[in-house]
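Please look over the structure shown here. A short report follows.

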Amino acid sequence: MAVRTITTRLVIDGETAFKQAMTGVNASLREQKSALSLLEEQFKGQANSLAFLTGKQSILSQTYDQQKEKVRALEQAVKDATEAYGAADTVTLRYQKDLNLAQAEEVRMSRALEETAQYLKEAQTSADYTAHSIDGFGNRTKDAEGAVNTLAAALQAAGLAMTLREIARAIMDCVDASVAFESSMAGVQKVT
């Protein structure tokens with residue numbers, strides 16, 4: 001009888017500590033969910049941006065770690081309740097139900113984390129290709145500027161100086177516009 005009383009008392013004391021720990025874990029999970037909600041509002045319409053995906057991955061990673069801790073604690077609670085009360089007791093069955101739900105949430109979080117990591121990888125690759133493309137465009141534009149100057153000099157030598165100046169000005173305006181575009185795209189790439 002004394003052994004049964006001590007075991008029950010330990011389970012009850014352990015159950016109180018368990019409930020306090022679950023309260024803390026659940027509060028942390030709610031805080032992380034609200035942080036994700038805030039991030040989604042801040043980046044509304046920019047769900048594929050590097051900044052959003054990086055922040056989302058960080059929050060999901062922290063949330064996933066907390067969820068794993070919750071699952072571990074519930075597994076221990078099921079084990080302890082089974083030893084103290086038996087597998088068919090309502091306390092044990094309630095913990096088992098909570099464990100099943102927590103494990104399902106852990107699986108969902110794992111999938112969300114993997115999906116976000118994939119999107120982040122795609123966004124980083126896309127940004128890299130954009131940067132290379134912008135650099136290539138700038139180099140071709142500079143080459144075109146040299147060709148325009150060479151053409152203008154050749155036409156000027158042929159005696160078409162006045163008309164050529166107008167043509168050269170128009171072509172140079174196009175080159176200047178393309179250089180300005182390249183600069184703007186570089187700014188966009190930096191922001192991205």
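## Salt bridges and the fold around them

The side chains of Asp 98 and Lys 97 form a salt bridge, at 3.9 Å from N to O. A salt bridge here is a side-chain nitrogen of Lys or Arg within 4 Å of a carboxyl oxygen of Asp or Glu. Asp 98 is partly exposed, at 26% relative accessibility. Lys 97 is also partly exposed, at 49%. The cut-offs are these: buried means under 20% relative accessible area, exposed means over 50%, and partly exposed lies in between (1.4 Å probe, protein chains only).

This is a predicted model, in which local features need pLDDT of at least 70, side-chain atom pairs count only at pLDDT 80 or more, and totals for chains, interfaces and linings use all residues. Residues are numbered from 1 along each chain as its sequence is written, and side-chain values use heavy atoms, with hydrogens and water left out.

How many salt bridges does the structure hold? There are four.

| Residues | N to O distance |
|---|---|
| Lys 44 and Glu 41 | 3.4 Å |
| Glu 69 and Arg 72 | 2.3 Å |
| Asp 98 and Lys 97 | 3.9 Å |

Lys 44 and Glu 41 are both exposed. Glu 69 and Arg 72 sit in helix H2, three residues apart, which is about one turn of the helix. Glu 69 is partly exposed, with a relative accessible area of 42%. Arg 72 is partly exposed too, with 44%.

### The overall fold

The protein chain has four helices and zero strands. Its elements run α-α-α-α from the N terminus on. Helices (H or I, at least four residues) and strands (E, at least two) are DSSP runs, numbered from the N terminus. The protein chain has 192 residues, and buried residues make up 26% of them.

Contact means heavy atoms within 4.5 Å. Take the contacts in the protein chain between residues at least 6 apart in sequence: 73% of them join residues at least 24 apart.

Glu 75 gives one example. Its place is in helix H2. Glu 75 counts as partly exposed, at 37% relative accessibility. Not counting residues up to four places away in sequence, Glu 75 touches Leu 99 and Gln 103. Glu 75 and Gln 103 are 28 residues apart in sequence, and their C-alpha atoms are 9.9 Å apart in space.

Ile 171 lies in helix H4 (residues 161-191). Ile 171 is partly exposed, at 26% relative accessibility. Between Ile 171 and Asn 149 there are 22 places in sequence and 9.5 Å in space, C-alpha to C-alpha.

### Two buried residues

Gln 32 lies in helix H1. Is Gln 32 buried or exposed? Gln 32 counts as buried because its relative accessibility is 8%. Setting aside residues up to four places away in sequence, Gln 32 touches Ile 59, Gln 62, Thr 63 and Gln 66.

Glu 106 lies in helix H3. Glu 106 is buried yet has no salt bridge. Lys 68 is the nearest side chain of opposite charge, 5.8 Å away. For charge, Lys and Arg count as positive and Asp and Glu as negative, while His and the chain ends are not counted. Leaving aside neighbours within four places in sequence, Glu 106 is in contact with Tyr 64, Gln 67, Lys 68 and Val 71.

### The largest pocket

The largest pocket holds about 270 Å³ of space. Of the 15 residues that line this pocket, the closest to its centre are Leu 29, Lys 33, Thr 63, Glu 105 and Met 109. A pocket is an open set of points on a 1 Å grid over the protein atoms alone, where a 1.4 Å probe fits, with protein on both sides within 12 Å along at least five of seven lines; lining residues have an atom within 4 Å of a point. A volume is the space filled by probe spheres set on the points.

Which helices supply at least two residues each of the lining? They are H1 (2-42), H2 (50-85) and H3 (90-157). H1 gives the largest share, seven residues.

By class, the lining has five nonpolar, five polar and five charged residues. Ala, Val, Leu, Ile, Met, Phe, Trp, Tyr, Cys and Pro count as nonpolar; Asp, Glu, Lys and Arg count as charged; the others, Gly among them, count as polar.
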